[in-house]
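Colleague: I am new to this structure and would like to learn how to read its features. Could you take me through them in turn?

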Amino acid sequence: MPLVNGGKIADDSFVKLAVDTPLPEGGDILVPAERFVGEADALLKRAGKIGVIWPNNRDISELVPYLGKLAVVALVFPTFRDGRAYSQARLLRERYNYRGELRATGQVLRDQFVFMLRAGFDSFEVKKQADAEAFMQTAKRYSVFYQPTGDGRITALHRRMQLRHSEGVGT
């Protein structure tokens with residue numbers, strides 16, 4: 001499955017493990033939420049980066065004590081109609097100040113890329129290579145937004161106010 005990270009097709013250094021898969025000695029791993037919660041101490045002590053695959057029907061606040069130690073939080077979109085992972089992403093970025101990789105996985109569709117970026121996602125597991133290749137064009141399509149969100153971009157209003165301030169208008 002192609003991974004888009006930082007606006008480019010990237011190699012994924014993380015290996016996905018099932019709940020019952022033996023832990024490798026080292027290397028970067030992504031584990032399901034139930035395994036992470038049950039084995040957090042042991043997982044965080046091993047060599048290599050750790051990430052968690054978090055379902056959208058589980059309370060994201062359970063992750064808060066571990067956020068500083070997680071390299072990746074992969075939020076699951078089980079169907080394209082289920083947008084709970086958008087809310088989880090915004091909570092992670094805006095309320096809990098998570099700065100690690102926030103990955104969209106599951107039903108990640110090309111026409112939702114901009115919305116996912118705006119919610120704070122910075123990497124995407126896509127089903128088709130063509131979607132991965134189309135991502136860069138989609139991400140560049142819009143440069144000004146009216147709504148503030150978790151992606152850190154300033155809004156059109158703030159941009160306008162900065163411009164006015166730099167020109168000395170209204171001072």
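Modeller: This is a predicted model.

Colleague: Where is Asn-97 found?

Modeller: Asn-97 sits in the loop between helix 2 (84–95) and strand 7 (101–106). Its phi is positive, about 55°, although Asn-97 is not a glycine.

Colleague: What is the order of the strands in the open sheet?

Modeller: The open sheet has eight strands in the order 2-1-8-7-6-5-4-3, and the pairing is mixed. Strand 2 (8–10) and strand 3 (14–16) are at the edges with a single partner strand each, so one side of each has no neighbour in the sheet. From one strand to the next, the twist averages 25°.

Colleague: How many bridges join strand 6 to strand 7?

Modeller: Strand 6 (residues 72–77) and strand 7 run parallel and are joined by six bridges. As an example, Ala-74 has Arg-103 in strand 7 as its bridge partner.

Colleague: Which strands does each helix lie across?

Modeller: Helix 1 (residues 33–45) lies across strand 4 (28–32) and strand 5 (50–54), at about 140° to strand 4. Helix 2 lies across strand 5, strand 6 and strand 7, and runs at about 155° to strand 6.

Colleague: Now the charged side chains. How many salt bridges are there?

Modeller: A salt bridge is counted when a side-chain nitrogen of Lys or Arg is within 4 Å of a carboxyl oxygen of Asp or Glu. By this rule there are nine salt bridges. One of them pairs Arg-103 with Asp-12, with the closest N and O atoms 2.8 Å apart. The two are 91 residues apart in the chain, Arg-103 in strand 7 and Asp-12 in the loop between strand 2 and strand 3.

Colleague: Is Arg-103 buried or exposed?

Modeller: Buried means under 20% relative accessible area. Arg-103 has 1%, so it is buried. Asp-12, at 32%, is partly exposed.

Colleague: Which residue forms a salt bridge with Lys-16?

Modeller: Glu-125 does, with the closest N and O atoms 2.7 Å apart. Because Glu-125 lies in strand 8 (residues 123–125) and Lys-16 in strand 3, this pair ties together parts 109 residues apart in sequence. Glu-125 is buried at 4% relative accessibility, whereas Lys-16 is partly exposed at 44%.

Colleague: Which residues are linked in a network of salt bridges?

Modeller: The network links Asp-12, Lys-16, Glu-101, Arg-103 and Glu-125.

Notes. Residues are numbered from 1 along each chain as its sequence is written. This is a predicted model: local features need pLDDT of at least 70, side-chain atom pairs count only at pLDDT 80 or more; totals for chains, interfaces and linings use all residues. Side-chain values use heavy atoms; hydrogens and water are left out. Helices (H or I, at least four residues) and strands (E, at least two) are DSSP runs, numbered from the N terminus. Two strands pair if DSSP finds at least two bridges between them. Axes are lines fitted to C-alpha atoms, for helices over the stretch in contact, and angles run from 0 to 180 degrees between N-to-C directions. Contact means heavy atoms within 4.5 Å. Buried means under 20% relative accessible area, exposed over 50%, partly exposed in between (1.4 Å probe, protein chains only).
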